[in-house]
Amino acid sequence: MTMTTDPFLVLDDISKSFGTVEAVRHVSMEIEAGEFVALMGPSGCGKTTTLRMIAGLEAPSAGEIRLDGVRMNEVKPWRRDTPLVWQSFALFPFMTVFKNVEFGLRMRKIDKATRRRKTMDWLERLGIGDLSQRDTNKLSGGQQQRVALARALVAEPRVLLLDEPFSALDAHLRVQMQSELARLHRQLGITFLFVTHAQSEALAMASRVAVMNEGRIVQIGAPLAVYRAPTSRFVAEFVGMNNILTGPVTRLNGNEALVQTDFGPLCAPLPPTHRVAPGERISVVIGADRIALSDDDVQSTENVVKGTVLGQEFVGAMITVFLELAPGVEFRIQKQQHELQGLDLTIGSTLTAWWTTEHAYVLPQTDED
């Protein structure tokens with residue numbers, strides 16, 4: 001095996017097929033030591049299969065996985081130093097908490113005194129030291145999650161793989177565990193690769209996010225960059241809460257384009273990399289959190305739409321208001337509760353929504369458009 005100057009973890013054009021089904025297609029990604037990277041995407045997009053190939057539980061059909069410059073394709077899972085925390089926790093129900101966490105050290109032939117010290121240290125760090133002698137099937141979901149994390153971390157791995165580890169937890173506990181995991185990452189400085197379909201988890205914890213669709217990585221970057229500057233319609237619809245309006249360009253004014261949509265004219269800034277011409281159809285993205293609402297008319301000739309209230313959705317202090325601009329055309333506005341005081345939000349009432357030009361974003365033209 002040859003050492004190289006690669007980044008710490010490299011996925012080099014890896015693919016995975018199951019019969020005629022191509023689950024992962026030509027995925028390439030470089031991860032530096034100590035990064036926290038989230039793989040996100042809809043169910044069936046290939047993110048868990050990618051994680052399983054890194055863990056050694058699936059062999060790539062093509063391409064190469066390298067860890068610290070070493071080719072890993074043929075290395076057995078237990079020799080990779082890449083433990084996987086499962087969605088279902090996968091604890092041994094016939095063992096106590098202590099024995100579950102200690103198990104990996106025992107398999108590595110670590111002496112008894114060291115095993116006990118390391119195991120109790122991690123149980124204490126995760127706040128479950130007092131549960132060491134309890135059977136895992138008598139624990140709550142949050143306690144089981146902490147046992148699974150302790151079992152993975154007790155061997156002090158170089159990479160920690162996590163496959164939707166919070167999906168079985170209730171909303172309050174999920175937020176608590178997100179904070180706990182982010183804290184552990186800061187303290188340990190090891191590489192985390194986290195699979196989730198929940199964008200809030202990825203955007204809250206990761207230093208970079210990779211969005212997958214149909215077996216491919218379609219965008220990778222810092223969370224805010226992916227959230228505010230999606231490179232395709234799919235990413236714009238999957239990440240964040242975005243509205244997309246489409247129409248032909250009627251006029252170019254410096255680095256701004258005037259777009260005529262079915263709901264009125266919109267003005268959007270054009271990034272330097274975007275080249276459009278009058279008459280060309282483009283799509284404009286407007287984040288739901290960047291839109292203002294009013295019961296009254298707005299004195300503007302552009303970036304204004306009207307709709308009737310379809311309903312509301314409450315998430316903590318945030319409210320998402322759903323407007324219908326036309327039959328079957330939904331427009332979403334996300335605000336703090338206090339920002340909506342005094343508005344008539346009853347179903348069927350008419351509201352005016354508007355935004356500033358700088359808060360619109362023109363999607364790049366891609367093959368999916």
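The accessible surface of this protein chain comes to about 17,600 Å². Carbon and sulfur atoms hold 50% of that surface. Keep in mind that this is a predicted model. The values I give are computed from it.

Now the overall picture. The protein chain has 369 residues, and 50% of them count as buried. The C-alpha atoms fill a box of roughly 75 × 50 × 35 Å, taken along the principal axes. The chain holds eight helices and 20 strands. How much of the contact list comes from residues 24 or more positions apart? Counting contacts with a separation of 6 or more, the share is 66%.

Let's go to the helices. Start with H2, residues 97-107. Which residues of H2 are buried? They are Val97, Phe98, Asn100, Val101, Glu102, Gly104 and Leu105. Look at how those numbers are spaced. An α-helix has 3.6 residues a turn, so residues three or four places apart point the same way. What covers the buried residues of H2? The cover includes helix H3, residues 112-125, and helix H4.

Take the pair H2 and H3. Their axes come within 9 Å and cross at roughly 130°. H2 and H3 are therefore oblique to each other. To be called roughly antiparallel, the angle would have to be over 145 degrees. The crossing of H2 and H3 is right-handed. Who makes the contact? From H2 we have Val97, Phe98, Val101, Glu102, Leu105 and Arg106. From H3 come Arg115, Arg116, Lys118, Thr119, Met120 and Leu123. By class, the contact of H2 with H3 has six nonpolar residues, one polar and five charged.

Next pair: H4, residues 141-153, and H5, residues 171-188. Their axes lie 11 Å apart, and the packing angle is about 20°. That makes H4 roughly parallel to H5, because angles under 35 degrees count that way. H4 passes H5 in a right-handed crossing. On the H4 side, the contact residues are Gly141, Gly142, Gln145, Arg146, Leu149 and Leu153. On the H5 side, they are Leu173, Gln176, Met177, Leu181, Leu184 and Leu188. Sorted by class, the contact of H4 with H5 has seven nonpolar, four polar and one charged.

Back to H2, and what comes after. H2 is followed by Lys109. Lys109 sits in the loop between H2 and H3. Its phi is near 65°, a positive value in a residue other than glycine. Is Lys109 buried or exposed? It is exposed, with a relative accessible area of 74%.

Find Glu214 in the loop between strand E9, residues 208-213, and strand E10, residues 216-221. Its relative accessibility is 54%, so Glu214 counts as exposed. The cut-off for exposed is over 50%.

Thr82 first. Where is Thr82? In the loop between strand E5, residues 70-71, and strand E6, residues 84-85. Thr82 is a loop residue, yet it is buried, at 8% relative accessible area. What does Thr82 touch, leaving out residues up to four places away in sequence? The contacts are Ile54, Ala55, Leu67, Val159 and Leu161.

Met95 is next. Met95 is in the loop between E6 and H2. At 15% relative accessibility it counts as buried, because the limit is under 20%. Again leaving out residues up to four places away in sequence, Met95 touches Asn100, Phe103, Asp135 and Thr136. Look at Asp135 in that list. Met95 and Asp135 are 40 residues apart along the chain, and their C-alpha atoms are separated by 6.1 Å.

Last stop: Ser294. This residue is in strand E15, residues 292-294. At 13% relative accessibility, Ser294 counts as buried. Ser294 touches Leu343, Leu351, Thr352 and Trp354, with residues up to four places away in sequence not counted. How far is Ser294 from Ser43? The two are 251 residues apart in sequence. In space they are 37 Å apart, C-alpha to C-alpha.

Note on methods. Residues numbered from 1 in each chain as written. Predicted model: local features only at pLDDT ≥ 70, side-chain atom pairs only at ≥ 80, totals over all residues. Heavy atoms only, no water. Axes fitted to C-alpha atoms, helices over the stretch in contact; angles between N-to-C directions. Helix = DSSP H or I, 4+ residues; strand = E, 2+ residues; numbered from the N terminus. Parallel < 35°, antiparallel > 145°, perpendicular 65-115°, else oblique. Left-handed = near helix turned anticlockwise from the far one by under 90°. Contact = heavy atoms within 4.5 Å. Nonpolar A, V, L, I, M, F, W, Y, C, P; charged D, E, K, R; others polar. Buried < 20%, exposed > 50% of the residue type's maximum accessible area, 1.4 Å probe, protein only. Areas by Shrake-Rupley, 256 points an atom, 1.4 Å probe, with all protein chains shown as cover.
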